[in-house]
Amino acid sequence: RGCTDIVCCILFIICILGYVAVGILAWSQGDPRKVIYPTDSRGQFFLPSPFIHSGIHNRQSLTLTTKPLLFYFNIMKCASPMVLLEFQCPTTQMCVEKCPDKFMTLLKAYSNKEDFKYYKNFCKEGLDGLTVTQILRSGLCPAMLLPSKPFTRRCFPALGQKKGGEITVGNNSTFVDWDGNTRDAKDLVAGVKNATVVIEARQVAMKIFEDYTQSWYWILIGLVIAMLISLLFIVLLRFLAGIMVWVMIVMVILVIGYGIFHCSMEYVSLKSEAGSNVTLKDLGFQTDFSVYLHIRQTWLAFIIILAIVEVIIILLLIFLRNRILIAIALIKEASRAIGYVMSALFYPLFTFALLSIVIAYWAVTAVFLSTSNQPIYKVFNETACNHSRKICEPANFSTSSMKAECSESKCLFAFYGGETVYHKYLIGLQFYNVFLFFWCANFVTALGQMTLAGAFASYYWAFVKPDDMPAFPIFSSLGRSLRYHTGSLAFGSLILSIIQIIRVLLEYIDHKLQGTQNKCTKFLLCCLKCCFWCLEKFIKFINRNAYIMVAIYGKNFCTSAKDAFFLLMRNMIRVAVLDKVTDFLLFLGKLLIVGLVGIFAFFFFSGRVKAFENTAPNLHYYWVPILTVVVGSYLIAHGFFSVYAMCVDTLFLCFLEDLERNDGSAERPFLMSDRLLKVLNKKNKPEPAE
């Protein structure tokens with residue numbers, strides 16, 4: 001063997017060094033707290049008391065430790081449609097110690113020493129010696145205060161409702177607004193609603209985070225159970241492959257059938273409940289997803305989806321009943337191979353650890369890159385102004401020409417950005433981060449495939465098993481892959497990453513053009529997305545078989561990919577009959593494990609079983625740990641069953657090579673096992689008697 005695809009190996013190493021440099025640069029410039037904590041009109045954010053006491057300091061010039069609430073000077077201006085576009089209310093926002101608890105106007109408070117002292121808590125500094133007119137013109141104080149209550153660490157008007165449904169604020173149905181006009185309390189609702197939109201997504205994220213802190217150990221227990229069940233299935237497949245496959249098929253049908261039965265019972269039980277007949281379209285999007293479980297249409301959708309899946313599986317089993325017997329024989333042969341390479345069952349843990357590092361590095365770098373900008377201020381106003389949404393400087397805005405031309409405008413914090421070279425190329429760094437994430441993740445996956453392929457190929461081509469096999473097949477194959485074929489791994493994963501990044505760009509363009517009504521553009525994008533999705537699947541198939549050929553022969557990536565492709569094309573019928581039916585059976589195994597663990601997680605976290613009522617944690621959204629356990633269980637099951645899948649694919653290519661290179665004669669006997677010879681109706685001719 002010799003080193004293959006050296007140029008790509010060198011390129012990969014250089015790109016990894018650049019990736020490390022980008023991470024260091026991002027960590028030195030970014031601050032994730034910018035997206036977690038409230039930001040006032042000066043772009044300053046503050047930390048909660050526990051963080052301050054624990055010694056965590058704010059990187060910005062001002063740390064607001066004793067003022068944990070955000071106060072809006074004029075909440076009515078949050079009713080502007082621009083709030084939904086720019087996520088910023090066009091009114092001054094500042095941090096206060098507590099929300100106002102009574103009606104008060106600046107004009108009235110100014111004439112009373114005690115009232116004005118209270119009013120100053122909601123004003124900026126520099127009020128000494130100024131008249132009411134000067135204070136209002138400078139925007140140092142709100143024109144009036146409304147009784148407010150803290151919600152998500154922001155001060156919102158204390159809206160209530162009388163028996164007749166009339167909206168009130170501070171027990172009054174009307175109030176005098178900031179311009180001196182008498183307004184109905186219901187007019188405040190739009191402003192509060194738009195202001196809430198700005199923070200609602202953040203609130204959902206925080207609730208999900210709290211749910212994880214409450215249930216993380218139960219999630220780990222669920223994942224451990226999934227791992228034990230997967231390991232048990234693999235071990236049983238080693239000794240009882242035929243029985244286990246049929247048990248697996250029956251169990252999958254029963255589990256999905258139980259899902260249909262449970263959803264039907266929920267659908268029937270909601271028949272008499274008020275409001276359960278509301279349609280999902282009328283309900284719209286709700287951040288509390290448990291609301292959907294009280295709607296009959298939700299359970300009807302679950303019933304339809306599960307029924308379709310059940311029918312498809314049953315029909316496939318009926319049509320493939322004869323092929324399943326052949327696939328079971330191939331699984332038995334794979335079980336025998338895994339018996340000689342038992343360490344292969346634990347290799348997915350190594351792959352999982354590497355992928356976790358890659359994902360964690362990408363996520364942390366992405367967060368730090370997105371929070372490494374500087375505060376940008378823009379002109380906000382309600383009336384027409386030529387300088388609207390232009391960048392401004394709050395320090396000298398009151399004396400600037402912008403303020404002179406637009407007297408009612410304000411210079412407020414808009415978002416985080418920057419004008420330096422680093423900030424100008426920040427989007428490029430984000431793109432580089434995403435691309436290297438794809439490349440590294442695909443490289444780790446490719447390394448696992450080539451390592452397993454090399455180990456199982458050493459089993460197949462050994463004349464005397466296990467005497468002619470390496471003492472440690474997995475470690476020997478891993479060493480060969482890294483020593484000789486890092487370039488080939490990088491080459492194959494690079495091609496796949498380029499296609500994946502193109503798909504990401506297409507999704508980004510589609511998102512940006514959602515408002516367009518050009519049907520031709522939509523059709524073209526849809527076709528491109530479909531084509532690149534198909535291309536990605538094809539490249540994954542080619543790469544997988546190319547890595548097997550590289551592991552067997554040690555040739556470069558392109559040669560191996562060509563040899564594997566034409567070998568499979570010459571045996572297309574065998575590929576469809578054996579390989580794909582086996583993949584389908586292994587997929588049913590993964591589906592069974594996910595179903596079993598998912599049902600257990602549902603009954604535990606939802607509190608539907610009385611035995612678990614006192615044990616299960618109190619959560620905002622019980623679907624959070626359930627979904628996490630289900631996805632994690634699938635990944636764990638996929639990791640274990642991928643060993644079998646890789647073993648089957650490797651043995652499949654090996655015996656195709658065996659069939660082409662040998663003819664069963666005494667000079668060129670088949671190297672496959674007697675079991676495989678029987679499945680393929682082949683046999684070795686006995687040596688002629690002397």
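User: Before we start, what makes two strands count as paired?

Analyst: Happy to begin there: two strands pair if DSSP finds at least two bridges between them. Strands themselves are DSSP runs of E with at least two residues, helices are runs of H or I with at least four residues, and both are numbered from the N terminus. This is a predicted model, in which local features need pLDDT of at least 70 and side-chain atom pairs count only at pLDDT 80 or more, while totals for chains, interfaces and linings use all residues. Residues are numbered from 1 along each chain as its sequence is written, and side-chain values use heavy atoms, with hydrogens and water left out.

User: Thanks! In which sense do β5 and β6 pair, and over how many bridges?

Analyst: Strand β5 covers residues 148–151. Within this pairing, Pro-150 stands opposite Cys-155 in β6. The two strands run in the antiparallel sense, and the number of bridges is four.

User: Are the residues on the two faces of β6 buried or exposed?

Analyst: Here buried means under 20% relative accessible area, exposed means over 50%, and partly exposed lies in between, with a 1.4 Å probe and protein chains only. On one side sit Arg-154 and Phe-156, and on the other Cys-155 and Pro-157. Both faces are covered, and these four residues are all buried.

User: Which cysteine is joined to Cys-155 by a disulfide?

Analyst: A disulfide is a pair of cysteine sulfur atoms within 2.5 Å, and here the S to S distance is 2.0 Å. The link is left-handed, with -90° about the S-S bond. One partner lies in the loop between β2 (93–96) and β3 (104–105) and the other in strand β6 (residues 154–157), so the pair ties together parts that are 56 residues apart in sequence.

User: How many disulfides does the structure hold?

Analyst: Cys-123 is in the loop between α5 (113–119) and α6 (132–138), and Cys-141 in the loop between α6 and β4 (144–145), 18 residues apart. The total is two.

User: What is the handedness of the link between Cys-123 and Cys-141?

Analyst: Cys-123 is buried at 6% relative accessibility, and Cys-141 is buried at 5%. The angle about their S-S bond is 125°, and the link is right-handed.

User: Where is the nearest cysteine sulfur to Cys-527?

Analyst: Cys-527 is partly exposed, with a relative accessible area of 31%. Cys-527 is in no disulfide, and the nearest cysteine sulfur lies 5.9 Å away, in Cys-526.
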